[in-house]
Amino acid sequence: MSAIKCPPGIKVFNKIADFRQWRRSLLLDQKTLGYVPTMGALHQGHLALVTAAKKRCDHVALTVFVNPAQFAPTEDLSTYPRTLQSDLDKLASLGPGVASAVLVPQVQEMYPAGIELDVSKQKGTFVEVLGISNQLEGTTRPNFFRGVATVVSKFLNIVQPEHVFFGQKDIQQCFVIRDMIRDLHIPTKMHICRTVRDENGLALSSRNVYLSGSQKQYALVLSQTLKQMEEMYRSGTHDATQLVQAGTQMIQEASKKVEASKEGWELKLDYVSINSAKDLQEIKGEIHDGCVISMAVYVGKTRLIDNVCLDMELDD
């Protein structure tokens with residue numbers, strides 16, 4: 001932290017007790033707090049959440065924490081981008097008084113019992129949201145949402161915000177956290193803000209930095225496929241199986257183009273799925289009362305996700 005230059009007007013904490021002391025001062029001043037949880041490597045999607053939070057609240061706090069509990073032993077914990085100085089500079093660029101505080105806690109303080117990536121060796125307290133964590137992302141990453149729910153519950157307890165803001169791109173995460181907040185009676189209002197995309201339609205993600213120029217172009221097949229599936233739905237095709245087949249075909253065609261290019265990497269479909277807007281249960285037949293169409297695709301070694309929400313309300 002000593003090498004980090006803190007922008008004027010943004011308080012940076014790395015001890016929970018110091019952050020809580022600042023948080024208490026806001027309560028005493030009767031000021032509201034909006035909260036944006038992040039793993040750092042901030043992009044315009046994160047900054048949009050901060051801006052949305054500032055519109056509703058007197059102050060905005062972020063956490064920057066690469067959470068070990070949501071990475072499997074085979075995943076990219078050690079190489080996940082860590083760019084704190086750049087993150088702070090981007091927050092400062094939003095203007096004075098937009099972001100008030102950033103908590104950058106140490107792993108040892110967040111997980112006092114220690115944290116192993118192998119779930120069977122873990123000790124301490126963890127949070128699971130059953131019925132909504134094992135499908136979609138949970139199939140490929142079986143303990144991912146256990147790690148997410150655990151760390152977000154910790155941070156909601158530490159930060160104690162009136163409002164918390166998440167992005168639609170991680171739609172299953174939004175469902176998991178929404179249910180956790182409800183079930184644990186956490187006094188925080190959750191808001192889901194729409195996915196922010198680049199000028200070509202690619203959903204912004206911290207993992208996009210892993211993509212080569214060619215891979216970024218091919219990665220556009222995610223948003224293009226979702227747009228095509230949405231157009232079919234709006235035109236009257238409400239059979240989920242038919243829509244999934246059309247989406248799968250588009251990804252497979254892109255995969256063949258990558259293979260023919262002989263660039264030395266693969267584009268590979270993980271899943272395309274249509275799920276209930278209410279509880280994320282998979283829909284096989286006719287779609288009623290809205291849905292989430294989501295997908296995950298490997299572009300080289302980088303796994304990208306995207307989704308579109310049809311005939312369902314997001315908070316923002």
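Keep in mind that the model is predicted.

Let's start with the count. There are eight aromatic pairs here. A pair of rings is described by the distance of the centres and the angle of the planes.

Take F65 and F155. Their ring centres are 5.9 Å apart, with 80° between the planes. Planes over 60 degrees apart count as edge-to-face, so F65 and F155 form an edge-to-face pair. Where do F65 and F155 sit in the chain? F65 is in the loop between strand 3 (59-64) and helix 3 (84-93). F155 belongs to helix 6, residues 144-159.

Next, Y218 and W265. The centres are 5.6 Å apart and the planes stand at 70°, so this pair is edge-to-face. Y218 lies in helix 8, residues 213-219. W265 lies in the loop between helix 10 (240-261) and strand 7 (267-276). The pair therefore ties together parts 47 residues apart in sequence.

Buried or partly exposed: which is Y218? Y218 has 22% relative accessibility, so it counts as partly exposed. The cut-off for buried is under 20%. W265 has a relative accessible area of 13%, so W265 is buried.

Ring pairs link F13, F19 and W22.

Last, the charges. R146 lies over the face of F126, 4.2 Å from the ring centre. K268 lies over the face of Y298, at 5.3 Å from the ring centre.

Terms used: Residues are numbered from 1 along each chain as its sequence is written. This is a predicted model: local features need pLDDT of at least 70, side-chain atom pairs count only at pLDDT 80 or more; totals for chains, interfaces and linings use all residues. Side-chain values use heavy atoms; hydrogens and water are left out. Rings of Phe, Tyr and Trp (its six-membered ring) pair if their centres lie within 6.5 Å; planes under 30 degrees apart count as stacked, over 60 as edge-to-face and the rest as tilted. Helices (H or I, at least four residues) and strands (E, at least two) are DSSP runs, numbered from the N terminus. Buried means under 20% relative accessible area, exposed over 50%, partly exposed in between (1.4 Å probe, protein chains only). A charge sits over a ring if NZ of Lys or CZ of Arg is within 6 Å of the ring centre and within 35 degrees of the ring normal.
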